[in-house]
Amino acid sequence: MGTIDPPVDDREMGTLYVVGIGPGLPHAMTQRAKDVVATADCVVASNLYQEFLRRDGTLPPESAKVETAPDGGTTAGDEQGTVLERPGGTRQTLVRSTMGQQVELAREAFQRVRAGEDVAHVSGGDPNVYGKSDLLFTMAEADEAYDIPIEVVPGVTAALGGAANLGAPLSNDFCTVSLSDKWRGWDEIEEKLRAAAISGFVIVLYNCWRDYQRAIDVVREERADDVPVGIFNDAGRSDAGRNLEDETHTITTLGEANDHDDEVGGMGTSILIGNHETTVWENDYAEHLVTPRGGRDVDDF
């Protein structure tokens, strides 16, 4: 990473924004998220999210690349990022986010903020739901970066986007469980799954490419096989999905959930497991999942 000059005084300190962009497409982002990304001096985002953010001009097009950085010293496309010129003539640095460089990217973001830049660190979904907010706060603690202003901009997480496609399955108590065992063992994951199943929570599974069948088997030990289940891919991404056949959802039952390998495609797949109150409701257009709040009916309204 290159050297970035510190601010002259505290008034020139920028802000580090951790921005949740939901499924990534502009129509599903909050206005706050779009505004922060569009006006930031530096945006840190993966190639996929860069592609999404260019669709409506939230990020400038690739053709807006210029030769040098705003200070005249960094060439476009090197490890400092690509420099783009916005329609009004101002410039924005775009840094590609990669899984193996998160520590280095966080430290560069701190340097840029100290130099007076506003930095938008883009996270898919919501930064607080298996996103990037904890990484940046943890790095700030490790580096004693207590001077860095950090603001989290919320986004629509997959559980909410998928639930909207399915109907009203999260209208009562629910929880999310990640099946990723990168930082914890399966014993801990199983304990949480079992506790959630026993407690009657509607459960949304994330990272389903990892042992989703094993997770389903645990829940089946505590919950009836006829409980409705929804499997959804790339919620909110329409035809821009990266799994299978773009945005899809399937309604099945807990007992048959493990027979749907074809619908579990990768990082964009989540599985929603209903509880004893969840029902399948059908109108003239589609099937939906509904979990009433506290078992109430029309008379309760």
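How many salt bridges does the structure hold? The structure holds 14 salt bridges, a salt bridge being a side-chain nitrogen of Lys or Arg within 4 Å of a carboxyl oxygen of Asp or Glu. The model is predicted, so that local features need pLDDT of at least 70 and side-chain atom pairs count only at pLDDT 80 or more, whereas totals for chains, interfaces and linings use all residues. Residues are numbered from 1 along each chain as its sequence is written, and side-chain values use heavy atoms, with hydrogens and water left out.

An open sheet of 6 strands has the order β3-β4-β2-β5-β1-β6, with mixed pairing; strands (E, at least two residues) and helices (H or I, at least four) are DSSP runs numbered from the N terminus, and two strands pair if DSSP finds at least two bridges between them. At the edges stand β3 (82–85) and β6 (150–153), each of which pairs on one side only. Neighbouring strands of this sheet are turned by 25 degrees against each other on average, direction ignored. Strand β1 (residues 16–20) runs parallel to β6 and is joined to β6 by 4 bridges, with valine 18 opposite valine 152 in β6.

Helix α1 (residues 31–39) packs on this sheet, where it touches β1, β2 (42–45), β4 (91–96), β5 (119–123) and β6, and its direction makes about 135 degrees with that of β1; such angles run from 0 to 180 degrees between N-to-C directions, and axes are lines fitted to C-alpha atoms, for helices over the stretch in contact. Helix α3 (residues 102–114) lies across β1, β2, β4 and β5 and runs at about 150 degrees to β5.

A further open sheet consists of 5 strands in the order β8-β9-β12-β10-β11, again with mixed pairing. Its edges are formed by β8 (174–178) and β11 (248–253), each with a single partner strand, so one side of each is left without a neighbour in the sheet. From one strand to the next the twist averages 20 degrees. Strand β10 (residues 228–233) pairs with β11 in the antiparallel sense over 6 bridges, and proline 228 stands opposite threonine 253 in β11. Helix α5 (residues 158–166) lies across β8, β9 (202–206), β10, β11 and β12 (269–273), running at about 115 degrees to β10, while α7 lies across β9 and β12 at about 5 degrees to β12.

Helix α7 (residues 212–220) also packs with helix α6 (residues 186–199), their axes coming within 9 Å and crossing at roughly 40 degrees. The two helices are therefore oblique to each other, given that angles under 35 degrees count as roughly parallel, over 145 as roughly antiparallel, 65 to 115 as roughly perpendicular and the rest as oblique. The contact (heavy atoms within 4.5 Å) is made by Trp186, Glu190, Leu193, Arg194 and Ala197 of α6 and by Arg214, Ala215, Val218 and Val219 of α7. Within α6, the side chains of glutamate 188 and lysine 192 meet in a salt bridge at 3.2 Å, N to O, and these residues are 4 apart, about one turn of the helix.

Finally, strands β13 (residues 279–282) and β14 (residues 287–290) pair in the antiparallel sense over 4 bridges.
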